[in-house]
Amino acid sequence: MSIVIGSGLLFVIVIGVLFLYLSPEFGGAPTLEQKRIYDKSPNYINGKFINKGNVKLDMSMRDMGKSLAGFFGPTPLTKPSKDIPVAKLDSLNIVEYQDSTRLIWFGHSAFLLQISNKTILIDPMFGKVPAPHPMLGSNRFSKELPIEVEKLPRIDAVIISHDHYDHLDYGSIQKLKNKVNMFYTPLGVGAHLQKWGVEKERIVELDWWQEVTHEGLVFKCTPAQHFSGRGFSDRANTLWSSWVIQSEKDNVFFSGDSGYGPHFKEIGDKYGPFDFAMIECGQYNEMWPDIHMFPEQTAQAGLDVKAKQIMPIHWGAFKLAMHPWTEPVERVTNRAKELNLDVLTPRIGEPINLNRLEETTSHWWK
C-alpha cells in the first residue's frame with residue numbers, strides 16, 4: 001500500500017513539474033538584454049520590481065492557510081446564484097461606431113474602448129477561468145461575453161496592466177494576436193506576449209511615468225501598488241501599472257490592480273482631472289490590504305485622481321476573495337454618496353458613452 005501511495009504522489013509531482021515548465025500558460029521570461037534595460041528603472045532593484053515605499057507583499061504561512069481555507073470553503077454569497085445576463089454587442093456595431101468616446105465592460109477589469117475612431121482593448125481577459133488550468137479556479141459568473149472574441153473586428157491597440165491571470169490570459173491572446181496592431185504593457189510583460197507568438201515589433205513596454213503616442217492618442221504608464229507573477233519563481237519579474245489614455249477631447253484613467261497609496265494623488269496632480277476613471281473595487285481582504293483596495297478607498301482614490309465620474313471594476317466576473325460578490329459595488333456606492341462623487345454602475349456589455357454617462361447607472365445586480 002505504501003508503495004502504491006508513494007508512486008501516486010511521485011506521479012502527481014512529476015505531472016505538476018512538467019505542467020509548470022511545459023505549459024505555455026506560464027508565459028515567457030525577460031532576456032538578459034531586457035534585464036539590463038530594466039536595471040535603469042528606479043522601480044527595479046536586485047533583479048525584481050518593487051512598489052513605492054517598499055510595500056511588503058509577503059503573507060505569513062498562517063494567513064496563506066486561512067486564505068486557502070476560506071477560498072475553497074463554503075463561504076456564502078461569494079458568487080451569484082445564477083449566471084449574470086449580459087448585454088450583447090455585434091461586430092458591425094463596433095466597426096461602424098463613430099460617435100463620442102465609449103466603453104464596453106466585459107466584467108472584472110476587461111474593457112473595449114472606442115476613442116477618436118480607434119478601438120482599444122484593456123486587460124482583455126475573456127477566458128472562463130482566471131488560472132493556468134480550469135481545475136485551479138472558479139468559472140466566470142456569466143456564461144456569455146458581450147461579444148465572442150472571434151467576432152471582434154480589427155483592434156488598434158491592447159493595453160495590459162500586469163501579468164496576473166485575471167488580466168493577462170493566454171487563451172484570449174491566442175485568439176486576439178492576429179487582429180491587434182500594437183500591444184502596450186509595463187516593463188517585462190512583453191516577454192509573455194513574445195512567448196505566445198506576438199512579434200516584438202508590435203510590443204511597446206513602458207516604465208512608470210513614461211508615455212507613448214498612438215495615432216493621435218497618448219498612453220501614459222502610471223504607478224500602481226501591486227505585484228506580478230504567473231508561476232512559483234517569477235514573482236515581481238515584471239512591472240505592474242495603471243494607465244492614462246488621452247485623446248484631444250477626453251482624459252481616461254484605468255487603475256489596474258492596486259492597493260491604496262499616495263500614487264493616486266500624484267497621478268491626479270500630474271494628469272488630472274479625468275473625465276472618467278475605472279478604479280479597482282473587489283477581491284480585497286484584510287490579509288492583503290496593501291495590494292487591493294477596500295471599496296471606501298476606491299471612492300477616495302477617485303477623488304485623489306480628480307475624476308468627474310468613477311466606475312468600480314475588478315468585480316462582477318470571478319471569485320478571487322471571500323467577500324459577497326455584490327459587496328464591493330454596494331460599499332463604494334454608499335461611500336461615494338458621502339463624498340459627493342458620481343459613480344457609474346453599468347451592466348456588463350452596456351455601452352458607456354462619455355457624453356451620456358447618466359444613462360448608464362442602475363442597480364442591475366439586485
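Author: The questions below concern a predicted model.

Reader: Which element of the chain has the lowest mean pLDDT?

Author: Over the chain, the mean pLDDT is 91, and 88% of the residues reach 70 or more. Strand 11 (residues 242-246) has the highest mean among the elements, at 99. The lowest, a mean of 45, belongs to helix 1 (residues 2-22).

Reader: How many contacts beyond four places in sequence does the model have for residues 6-21?

Author: Over residues 6-21, pLDDT stays under 50. Where pLDDT is low, the predicted coordinates should not be read in detail. For this stretch, the contacts beyond four places in sequence number six.

Reader: How many residues apart are Tyr 184 and Phe 219, and which strands hold them?

Author: The model has 18 aromatic pairs. Tyr 184 and Phe 219 form one that is edge-to-face, with 5.0 Å centre to centre and 70 degrees between the planes. Both Tyr 184 and Phe 219 are buried. The pair links distant parts of the chain, with Tyr 184 in strand 7 (residues 180-186) and Phe 219 in strand 10 (residues 217-222), 35 residues apart.

Reader: Why does Trp 365 count as buried?

Author: Trp 365 forms an edge-to-face pair with Trp 364, at 5.9 Å centre to centre and 85 degrees between the planes. Ring pairs also place Trp 365 in a cluster with Trp 105, Phe 141, Trp 315, Trp 325 and Trp 364. A residue is buried under 20% relative accessible area. Trp 365 is therefore buried, as its relative accessible area is 11%.

Terms used. Residues numbered from 1 in each chain as written. Predicted model: local features only at pLDDT ≥ 70, side-chain atom pairs only at ≥ 80, totals over all residues. Heavy atoms only, no water. pLDDT = per-residue confidence, 0-100. Helix = DSSP H or I, 4+ residues; strand = E, 2+ residues; numbered from the N terminus. Contact = heavy atoms within 4.5 Å. Phe/Tyr/Trp six-rings, centres within 6.5 Å; stacked < 30°, edge-to-face > 60°. Buried < 20%, exposed > 50% of the residue type's maximum accessible area, 1.4 Å probe, protein only.
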